[in-house]
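Have a go at each task before you read its solution.

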Amino acid sequence: MNEPYLADPPGVVPPPQDDAEVIERSWDEPERFGAVFDAHYAEIHRYVSRRLGPHAADDVSADTFALAFRQRRRYDTSRRSARPWLYGIATNLISRYHRDEVRLLRAMGRLHPEAEPAPGHEDEVTAKVSAQGVKGALARAIAGLSADQRDVLLLVALSGLSYDEVAQALDVPFGTVSSRLNRARRKLRKALGGTNPLLDEEETHR
C-alpha cells in the first residue's frame with residue numbers, strides 16, 4: 001500500500017465498521033483502506049502460501065491488496081465482508097502461477113509417498129487442505145485436476161468460505177461451484193482408488 005493507514009486520534013472511539021463501510025470511506029480517504037489490509041492480509045497470505053509455497057506468497061499477497069486498492073471504487077458495497085472479493089483477486093493472481101502450483105503438488109507427492117489417505121477416515125483427511133497436509137497420492141490427485149476445479153476445491157478447503165461466498169469470489173453461479181466441486185471429488189475418489197478424501201461440507205456451507 002502506498003498510503004499509510006491513519007488511525008483515529010487518541011481518545012476517539014471509532015464507530016463499528018464493516019469492510020464495505022471502510023472501502024466506501026476509502027474512496028475519498030484512501031488511507032482508510034489500510035484497515036482492510038490489516039484485517040485480512042494474514043489470512044490471504046496463508047491461503048496463497050498453502051497453494052504456491054512461501055516464496056511466492058509475499059508477492060502475490062501484496063499484489064492482491066494493491067489491485068484491490070486500485071479497484072476499490074468498483075467494490076459492491078452491498079457485500080459487507082471483503083473476504084470473498086479478496087480471495088477472488090488472490091485466486092486470479094494464483095492462476096498466473098498454474099505451472100508452479102502443479103509442480104509444487106507433484107513434488108509433495110514425490111517427497112511424501114507414504115502419506116496415503118486412510119480408507120474409512122475421509123472426514124479426517126482434508127477438511128483443511130494445506131501445503132503441509134496435502135501429501136502423497138492426494139497431492140498428485142489434486143495436481144491432476146483442471147484449474148477451475150482445483151480453485152473451487154482449495155477455496156472451500158482452505159478459506160472457510162461458504163459456497164455462496166466462493167461463487168462471489170470467482171464470479172460464477174452457485175451451481176457452478178457445486179458442480180465443479182462434485183467433479184473434483186469424483187476425480188479424486190477415482191485417483192485414490194475409490195476413497196473420498198474430502199469432508200463433504202455440502203450442507204455445512206449452504
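**Exercise 1.** Work out how α2 passes α3, and which residues do the packing.

*Solution.* Keep in mind that this is a predicted model.

Step 1: start with the handedness. The crossing in which α2 passes α3 is right-handed.

Step 2: get the geometry. Helix α2 covers residues 34-52 and helix α3 residues 54-70; their axes come within 8 Å and cross at roughly 140°. Antiparallel would need an angle over 145 degrees, so α2 counts as oblique to α3.

Step 3: list who touches whom. From α2 you have V36, F37, H40, Y41, I44, H45, V48, S49 and L52, and they meet P54, A56, A57, D58, V60, S61, A62, T64 and F65 of α3. Sorted by class, the residues of this contact come out as 12 nonpolar, 5 polar and 1 charged.

**Exercise 2.** Now take α2 against α4: at roughly what angle do their axes cross, and which residues meet?

*Solution.* Step 1: the axes of α2 and α4 come within 10 Å, with a crossing angle of roughly 35°. Here too, α2 makes a right-handed crossing, this time with α4.

Step 1: on the α2 side, look for V36, H40, E43, I44, Y47, V48, R51 and L52; they meet R83, L86, Y87, A90, T91 and I94 in α4. That contact has 9 nonpolar, 2 polar and 3 charged residues.

**Exercise 3.** Find the largest pocket and say which elements give two or more residues to its lining.

*Solution.* Step 1: size it up. The volume of the largest pocket is about 430 Å³. Its lining has 18 residues, and Q71, W85, I89, Q168 and A169 sit closest to the centre.

Step 1: assign the lining to elements. Two or more residues come from α4 (83-94) and from α8 (163-170). The largest share is α4's, at 6 residues.

Step 2: The lining splits into 8 nonpolar, 5 polar and 5 charged residues.

**Exercise 4.** How do α4 and α8 pack, and which residues make the contact?

*Solution.* Step 1: the axes of α4 and α8 come within 7 Å and cross at roughly 50°. The two helices are therefore oblique to each other, and their crossing is right-handed.

Step 1: the contact is made by P84, Y87, G88 and T91 on the α4 side and E165, Q168, A169 and L170 on the α8 side.

Methods: Residues are numbered from 1 along each chain as its sequence is written. This is a predicted model: local features need pLDDT of at least 70, side-chain atom pairs count only at pLDDT 80 or more; totals for chains, interfaces and linings use all residues. Side-chain values use heavy atoms; hydrogens and water are left out. Axes are lines fitted to C-alpha atoms, for helices over the stretch in contact, and angles run from 0 to 180 degrees between N-to-C directions. Helices (H or I, at least four residues) and strands (E, at least two) are DSSP runs, numbered from the N terminus. Angles under 35 degrees count as roughly parallel, over 145 as roughly antiparallel, 65 to 115 as roughly perpendicular and the rest as oblique. A crossing is left-handed if the near helix is turned anticlockwise from the far one by less than a right angle, and right-handed if clockwise. Contact means heavy atoms within 4.5 Å. Ala, Val, Leu, Ile, Met, Phe, Trp, Tyr, Cys and Pro count as nonpolar, Asp, Glu, Lys and Arg as charged, and the others, Gly among them, as polar. On a 1 Å grid over the protein atoms alone, a cavity is a set of points where a 1.4 Å probe fits but cannot get out, and a pocket is an open set with protein on both sides within 12 Å along at least five of seven lines; lining residues have an atom within 4 Å of a point. Grid points are joined across faces, edges and corners, and a volume is the space filled by probe spheres set on the points.
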